Amino acid sequence: MTKAIIFDLDGVIVDTAKFHFLAWKSLADELGYFFDEKVNERLKGVSRMRSLEIILEVNGATEKFTDDEKAEMAARKNDLYVSFVKTLKPGDMLPGVEEFLSRAKAAGLKTAVASVSKNAPLVLKCLGAADKFDYVADAARVTRSKPAPDIFLDCARALGVDPADCIGVEDAQAGIEAIKAAGMYAVGINVDVTSVEPDLQLRSTAELDFDKIVK
Ligand code: BG6
Ligand code: MG
């Protein structure tokens, strides 16, 4: 029986996935490196530094930069990303999310956010949504990033719910793998599936129908 719903943030609660893309694209353009939507799919759900490494790998530039230079590039990307995030305001959740959340609350389900983004608290604050969830995982405390199940298990533990009674909602392949590895039911939002399939794939958050998904 479903007792909790655990949401990814970027690309599920809010359309910040496009902000991540634009900020990485700007850095890649500055460096004269290739970066497109397909490469961007691989960055979804993975940490900031790992994302940079993937872009460098794709461009055969893994060995080109020192750790300090990589940290500086990641910080530059983040500054631009944060400037985009600051344009978010209450009401900017993706279609269907707010209603789905209210229905979950009304039905007595617990809710949590499982995002590996260090900017998650800022994003939720800009959306005026910080207190809409029972728990927000602290990305800084989760050592193994998605596709490891850790962040979803951390949420289940904090909510006091058995993972088997949780639904996880994700837009990234790494996230679906994490949800399934945690032993939860996985709802995919337009996931570009390359390995593990979600239990239910939706085209967008507008299809988050509480009565159909929660049993
Ligand atoms: C995830 C995004 O939610 O957070 C990734 O899907 C991003 O694309 C990751 O790299 C880390 O985010 P941040 O805000 O800590 O750089
Ligand atoms: Mg996401």
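Which residues have the most contacts inside the largest nonpolar core? They are Phe7, Ile13, Val169 and Leu208, in a core of 35 residues. The views below are of a predicted model, in which local features need pLDDT of at least 70, side-chain atom pairs count only at pLDDT 80 or more, and totals for chains, interfaces and linings use all residues. Residues are numbered from 1 along each chain as its sequence is written, chains are lettered from A and ligands numbered from 1 in the order in which they are written, and side-chain values use heavy atoms, with hydrogens and water left out.

**View 1. The largest nonpolar core, with 35 residues.** A nonpolar core is a set of buried Ala, Val, Leu, Ile, Met, Phe, Trp, Tyr and Cys residues joined through side-chain atoms within 4.5 Å. Buried stands for under 20% relative accessible area, exposed for over 50%, and partly exposed for values in between (1.4 Å probe, protein chains only). Two or more residues of this core come from each of β1 (4-7), α1 (17-31), α4 (67-85), α5 (97-106), α6 (120-127), β4 (166-170), β5 (185-189) and α9 (210-213). Helices (H or I, at least four residues) and strands (E, at least two) are DSSP runs, numbered from the N terminus. The element that gives the most to this core is α6, with 5 residues. At least three residues are drawn from each of domain 1 (4-15 + 90-214) and domain 2 (17-85). Another core lies apart from this one; it has 22 residues, among them Ala4, Ile6, Ile151 and Val161.

**View 2. The surroundings of Ile13.** Leaving out residues up to four places away in sequence, Ile13 touches Phe7, Asp8, Met93, Leu94, Val97, Val113, Leu127 and Phe133. Contact here means heavy atoms within 4.5 Å.

**View 3. The two domains.** The chain is divided into domain 1 (4-15 + 90-214) and domain 2 (17-85), with bounds from an automatic or database domain assignment. Their C-alpha centres lie 24 Å apart. In the contact between them, 16 residues of domain 1 meet 15 residues of domain 2.

**View 4. The site of the magnesium ion (ligand 2).** Asp8 (OD), Asp10 (O) and Asp171 (OD) coordinate the ion at 2.0 to 2.2 Å. Donors are N, O and S atoms within 2.8 Å of the metal (3.2 Å for Na, K and Ca); water is not among the atoms, so sites may look incomplete. The spacing of the donor residues in sequence is D-x1-D-x160-D. Asp8 is buried at 6% relative accessible area, and Asp10 is also buried, at 13%.

**View 5. The largest pocket, with about 480 Å³ of space.** On a 1 Å grid over the protein atoms alone, a pocket is an open set of points where a 1.4 Å probe fits, with protein on both sides within 12 Å along at least five of seven lines; lining residues have an atom within 4 Å of a point. Grid points are joined across faces, edges and corners, and the volume is the space filled by probe spheres set on the points. The lining has 30 residues, of which Val46, Ser47, Arg48, Val116 and Ser117 lie nearest the pocket centre. At least two lining residues come from each of α1, α2 (37-43), α3 (48-58) and α4. The largest share, 4 residues, is that of α4.

**View 6. Phe35 and Leu52.** Phe35 lies in the loop between α1 and α2 and is buried, with a relative accessible area of 3%. Among the residues that Phe35 touches are Phe21, Trp24, Leu43 and Ile55. The C-alpha atoms of Phe35 and Phe21 are 9.1 Å apart, with the two residues 14 places apart along the chain. Leu52, in helix α3, is buried at 1% relative accessibility. Leu52 touches Trp24, Leu27, Lys70, Met73 and Ala74, not counting residues up to four places away in sequence.

**View 7. Helix α8 (residues 173-181).** Gln173, Ala174, Gly175, Ile176, Ala178 and Ile179 are buried in this helix. Their cover includes α7 (150-159), β4 and β5. Gly183 follows α8 and has a positive phi, near 80°.

**View 8. Backbone geometry at Pro147 and Asn190.** Lys146 and Pro147 are joined by a cis peptide bond, with omega about 20°. Pro147 is in the loop between β3 (135-136) and α7. Asn190, although not a glycine, has a positive phi of about 50°. This residue is found in the loop between β5 and β6 (200-202). Asn190 is exposed, at 53% relative accessibility.
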